[in-house]
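Welcome! Open your viewer, get ready to select residues, and follow along stop by stop.

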Amino acid sequence: MSTRPPNDSLGPLDHLALRYLRQSLDTPHPADEPYVLNPVESRVIRRTKIITLTIASFLGVMGVLLLYGPQYMWPYLFANTTIRLFGNVFDLPLITILYGLLLVYLEVHLLVALNLRGVKMIMHVCQFPNAHDAQYERHLQALTDAALEKTTKGILRLGIDPYLNMPRWGLTIFFLLNMAKAALSNFGLRFILKRFLGPYALRQVTELAGMPIYAFWNAWASWHVLHEAQVRVMAPTTIREFVHELHEEWGKNDEFRPLILEALQYVAILKRQYNYAHFLLTETLVDQFVLKADSPVTGDFLKQVANAPSSVQRSLERLLVFGVLVDGKLSFLEKRRLRELRKQGFLTYSARDIKRIGNDYNRGRGLWV
């Protein structure tokens, strides 16, 4: 098969897709294994991350330079505006404020476009969702509905999960909040510099010192967006194979089945159904084991599992470790729950083992639990 794109190609994305298809024909992908990125996918994802994070960092640096540079060179253009209000006179930097808002608007939209292009590149090359999740649109709508529920505090969160389910305006909100965090970090740095350097702190030094801060936060946010795209590629097949294996062994066991939702509730997977991997895991378990998703859970998982046979405990342990790692990150609550399970003697995986398994999964080597 030729690696040259067809005449009606839309560009490099189609070229990369053809390269992936050629590689996939030559590379066996066993159906009974977790999803493992092949060399082409790994290379494209790594290159996409490097390029996107580099450009995002550059946008952060340029944003600071464009904000303060013109003020140094043409200070008369940014003179304060005198406003009379209720008999009082105020000198306000309205031009500077409007100029800063314009820069924020441009930078946020450039970041959204840059990251959406990176996500499109990853998903196009990895044939997602075509070859992975046939019901992706329905899942995306369900995730959006869950993210907007009042019981889950609505859209304003510090985490990224809810925003990824609403690609354009959700990411716009996410990057705006990220800019706010960068501004607060920059304010803290300027305060520290002025506090310790005092009159020796030049205005240019304190203002331009924010360049690495904005570069860092832009790269941090972009990394999370692209990492989630990679997880969405790997999660569906990995979840299906794991649940299928679990069902073959425990599908008819009356001691194991009632504890599935209790286990998911204990590590808060049921509470975060706006998380794509957790939503897919819950849906697959409910479907395979014929569970009632709306059935009430007691919340006494530790007491119930203590009375279960050791073989059931080991399978529940696998399910818990798999569940907290399949979304590509460990939350503070998940870490705390795992520590509690380890203290109870239920969890045989050490913290180092879980970290190693998670790192392998995030590198595209599969989730082997």
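Predicted model: local features only at pLDDT ≥ 70, side-chain atom pairs only at ≥ 80, totals over all residues.

Start with the second largest pocket: H3 contributes the most to its lining, five residues. A pocket here is an open set of points on a 1 Å grid over the protein atoms alone, where a 1.4 Å probe fits, with protein on both sides within 12 Å along at least five of seven lines; lining residues have an atom within 4 Å of a point.

Residues are numbered from 1 along each chain as its sequence is written, and side-chain values use heavy atoms, leaving out hydrogens and water.

Now select Val-119, Lys-120, Met-123, Phe-128 and Tyr-136: of the 19 lining residues, these are the closest to the centre of the second largest pocket.

Next, visit the largest pocket. Which residues lie closest to its centre? Select Leu-67, Tyr-68, Ala-183, Asn-186 and Tyr-214 to see them, out of 22 in the lining. Colour H6 too, as this helix supplies the largest share of that lining, nine residues.

Finally, go to the largest nonpolar core, with 76 residues. Such a core is a set of buried (under 20% relative accessible area, 1.4 Å probe, protein chains only) Ala, Val, Leu, Ile, Met, Phe, Trp, Tyr and Cys residues joined through side-chain atoms within 4.5 Å. Select Phe-175, Leu-285, Phe-289, Phe-301 and Leu-316, which have the most contacts (heavy atoms within 4.5 Å) inside this core. Helix H8 (residues 211-250) gives the largest share, 13 residues.

Definitions and conventions. Buried < 20%, exposed > 50% of the residue type's maximum accessible area, 1.4 Å probe, protein only. Helix = DSSP H or I, 4+ residues; strand = E, 2+ residues; numbered from the N terminus.
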